[in-house]
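The exercises below concern the sequence and structure shown next. Work through each task before reading its solution.

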Amino acid sequence: MKALFIGGTGTISTAIVRRLAEEMDWEVWLINRGNRSEVMPDNVNLIKADINDEEDVANKLQGMNFDVVCEFIGFTVDAVERDYRLFAGKTKQYIFISSASAYNKPAASYLITEGTTLANPHWEYSRNKIKCEEFLMKMYREEEFPVTIVRPSHTYDERNIPLGVQGNKGHWQVIKRMLEGKPVIIQGDGSSLWTVTFNKDFAVGFTGLMGDRHAIGEAFQITGDETLTWTQIYQTVADALGVELKPYYVASEFLAQVGEKYGFDFEGSLLGDKSVSVVFDNTKLKRLVPEMRTNISFDEGVRITIDYAMDHPEECQVEDKEFDEWCDRVIEALEVAKKSI
């Protein structure tokens, strides 16, 4: 079997590429600019190109056909329209990575299935993913384009610690605050439910859909089975660090308001996603991929990420003084407001 990945070196796709190349004996090709070639297995083939240069990519793909093409960096309709022009008639399956943030929240039921309505007034990223899905399903219905939609939720790897409120430079400043004994902001009251999935577990579900004709024309959400409150998530991180958690709970609506002028998009990431309880029903996926399950619990996964961050300071320990100072200001202002009531 022959697969082509557009991207292929990100948080989700790296684990899939490794699984295919090292464990499942697929012939794997990647289209990207070669910026993270060090994470690719030796037996992976690289087509060094900018996918947005359609003419160059079309020339480099001339005469090539694939069993599966996987799109990991398509965020707008023009990207999937380009893919349709490039790959119609050249692949037996085209898998588009959408997002579980596209689901309407709060939904009519706390239990999210593939049939849950797609709508997100708070986040343009999610609305663009919905538009991509709509175009691709139109091409499936009208032109028999062999699309499969995949909707991940919060997937992480050894380089990323899942958190709810962090700055634009990533998770490290929150970890640093914990290590320094400072309070950390958690959205809401910390009781809303969330699902995090280690990328190696995600890869099992994804690769199980590859080449399966029953997945054509269908959408699948891929998440683990472990559901935690946000307080439990932060407490697990603190336990892995060996420090006391000092949570400071702040309403998501307030965070969205006070974060905007500092360039923090908490309206999208919180009101449009993480502040709402979600539990995923993965029955549809498991009918096709019965081996999909949570093998790496969050307790184990977060220790993997902490160890990696400590061992790779140049890569992972990126300080964010602006976010740190913003947290202090928010907490101080709310404490003053409490005293004045």
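**Exercise 1. The second largest pocket**

Which element gives the most to the lining of the second largest pocket, and with how many residues?

Solution. This is a predicted model, in which local features need pLDDT of at least 70 and side-chain atom pairs count only at pLDDT 80 or more, while totals for chains, interfaces and linings use all residues. Residues are numbered from 1 along each chain as its sequence is written, and side-chain values use heavy atoms, with hydrogens and water left out.

Step 1: On a 1 Å grid over the protein atoms alone, a pocket is an open set of points with protein on both sides within 12 Å along at least five of seven lines; a cavity is a set of points where a 1.4 Å probe fits but cannot get out; lining residues have an atom within 4 Å of a point. Grid points are joined across faces, edges and corners, and a volume is the space filled by probe spheres set on the points. Helices (H or I, at least four residues) and strands (E, at least two) are DSSP runs numbered from the N terminus.

Step 2: describe the pocket. The second largest pocket holds about 400 Å³ of space. Its lining has 21 residues, and Arg33, Asp50, Ile51, Asn52 and Ile73 lie nearest the centre.

Step 3: assign the lining. At least two residues come from each of β2 (27-32) and α3 (77-87). The element that gives the most is α3, with three residues.

Step 4: sort by class. Ala, Val, Leu, Ile, Met, Phe, Trp, Tyr, Cys and Pro count as nonpolar, Asp, Glu, Lys and Arg as charged, and the others, Gly among them, as polar. The lining divides into six nonpolar, nine polar and six charged residues.

**Exercise 2. The largest pocket**

Solution. Step 2: 38 residues line the largest pocket, and Tyr125, Ser153, His154, Thr155 and Lys274 are the closest to its centre. Step 3: α1 (11-23), α4 (124-143), β8 and α9 (266-274) are the elements that give two or more residues to this lining. The top contributor is α9, with four residues. Step 4: by class, the lining has 16 nonpolar, 18 polar and four charged residues.

**Exercise 3. The cavity**

How many cavities of 30 Å³ or more does the structure hold?

Solution. Step 1: the structure holds one such cavity. The volume of the largest cavity is about 30 Å³. Step 2: its lining consists of Val165, Val174, Arg177, Val184, Ile185, Phe323 and Cys327. Two or more of the lining residues come from each of α5, β9 (184-187) and α13 (321-340). Step 3: six lining residues are nonpolar, none polar and one charged.

**Exercise 4. Asp157**

Is Asp157 buried or exposed?

Solution. Step 1: buried means under 20% relative accessible area, exposed over 50%, and partly exposed in between (1.4 Å probe, protein chains only). Asp157 has 2% relative accessibility and therefore counts as buried. Step 2: Asp157 lies in the loop between β8 (154-156) and α5 (172-179).

Step 1: list the polar contacts. A polar contact is a pair of N or O atoms within 3.5 Å; within protein, one must be able to donate a hydrogen and the other to accept it, and residues adjacent in sequence count only if both atoms are side-chain atoms. A polar atom of the Asp157 side chain lies 2.9 Å from the backbone nitrogen of Arg159. The side chains of Asp157 and Asn160 are joined by a polar contact of 2.6 Å.

Step 2: list the other neighbours. Contact means heavy atoms within 4.5 Å. Not counting residues up to four places away in sequence, Asp157 touches Thr11, Phe198, Asn199 and Thr305.
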